[in-house]
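Please keep the sequence and the structure in view while reading.

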Amino acid sequence: MANKSFSTALILSIFLGYFGIDRFYLGYVGLGILKLITGGGFGIWWLIDVIMIATKSLKDSNGLPLV
C-alpha cells in the first residue's frame with residue numbers, strides 16, 4: 001500500500017476536518033463516521049487532529065507515516 005500524502009492530509013484536516021474527511025483519507029472509516037456525526041468532536045477533535053497531522057504524529061490506518 002502506498003503512503004498517504006502529508007500535505008493532502010493536512011489540507012483535508014484544516015478545511016474538511018469537521019466532517020471527518022481527513023480520517024476517511026487516512027483509512028480510519030469508523031472514526032471518520034464518528035467525527036462526521038459529532039461535527040469534529042464539537043471542534044475539539046478537529047483541532048487535535050490538525051495539530052497531530054501538522055506535527056506528523058498521526059499515522060495512517062496501516063501504521064505508515066505520512067510522506
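**A guided reading of the model**

One aromatic pair is present in the structure. Rings of Phe, Tyr and Trp (for Trp, the six-membered ring) are paired if their centres lie within 6.5 Å, and their planes count as stacked under 30 degrees apart, as edge-to-face over 60 and as tilted for the rest. The model is predicted, with local features requiring pLDDT of at least 70 and side-chain atom pairs counting only at pLDDT 80 or more, while totals for chains, interfaces and linings use all residues. Residues are numbered from 1 along each chain as its sequence is written, and side-chain values use heavy atoms, with hydrogens and water left out.

The partners in the pair are Tyr-18 and Trp-46, which are stacked, with 4.9 Å from centre to centre and 15° between the planes. The pair links distant parts of the chain, 28 residues apart: Tyr-18 lies in the loop between H1 and helix H2 (21-26), and Trp-46 in helix H5. Helices here are DSSP runs (H or I) of at least four residues, strands (E) are runs of at least two, and both are numbered from the N terminus. Tyr-18 is partly exposed, at a relative accessible area of 38%; the term covers values between buried, under 20%, and exposed, over 50% (1.4 Å probe, protein chains only).

Helix H5 also takes part in helix packing. Two packed helices are described by the angle between their axes and the distance between the axes. The axes are lines fitted to C-alpha atoms, for helices over the stretch in contact, and the angles between N-to-C directions run from 0 to 180 degrees. Helix H1 (residues 6-16) and helix H5 (residues 44-54) have axes that come within 9 Å and cross at roughly 160°. H1 is therefore roughly antiparallel to H5. In this scheme angles under 35 degrees are roughly parallel, those over 145 roughly antiparallel, those from 65 to 115 roughly perpendicular, and the rest oblique. The crossing of H1 past H5 is left-handed, meaning that the near helix is turned anticlockwise from the far one by less than a right angle, whereas clockwise would be right-handed.

On the H1 side, Phe-6, Ala-9, Leu-10, Ser-13 and Ile-14 meet Trp-46, Asp-49, Val-50, Ile-53 and Ala-54 of H5. The residues of this contact between H1 and H5 comprise eight nonpolar, one polar and one charged. Contact means heavy atoms within 4.5 Å. As for the classes, Ala, Val, Leu, Ile, Met, Phe, Trp, Tyr, Cys and Pro count as nonpolar, Asp, Glu, Lys and Arg as charged, and the others, Gly among them, as polar.

Helix H3 (residues 29-37) also packs with H5: their axes come within 10 Å and cross at roughly 135°. H3 is therefore oblique to H5. Here Leu-31, Leu-34 and Lys-35 of H3 meet Trp-45, Trp-46 and Asp-49 of H5, and the contact has four nonpolar, no polar and two charged residues.

Arg-23 belongs to helix H2 and counts as buried, at 7% relative accessibility. Not counting residues up to four places away in sequence, Arg-23 touches Tyr-28, Leu-31, Gly-32, Lys-35, Trp-45, Asp-49 and Leu-58.

Lys-4, in the segment before H1, is partly exposed, with a relative accessible area of 27%. Neighbours within four places in sequence aside, Lys-4 is in contact with Tyr-25, Leu-26, Asp-60, Leu-66 and Val-67.

Backbone angles come last. Most residues other than glycine have a negative phi, and most peptide bonds are trans. Phe-42, although not a glycine, has a positive phi of about 60°; Phe-42 is placed in helix H4 (residues 39-42) and is exposed, with a relative accessible area of 73%. Lys-56, likewise not a glycine, has a positive phi of about 60°. Lys-56 is situated in the segment after H5 and counts as exposed at 51% relative accessibility.
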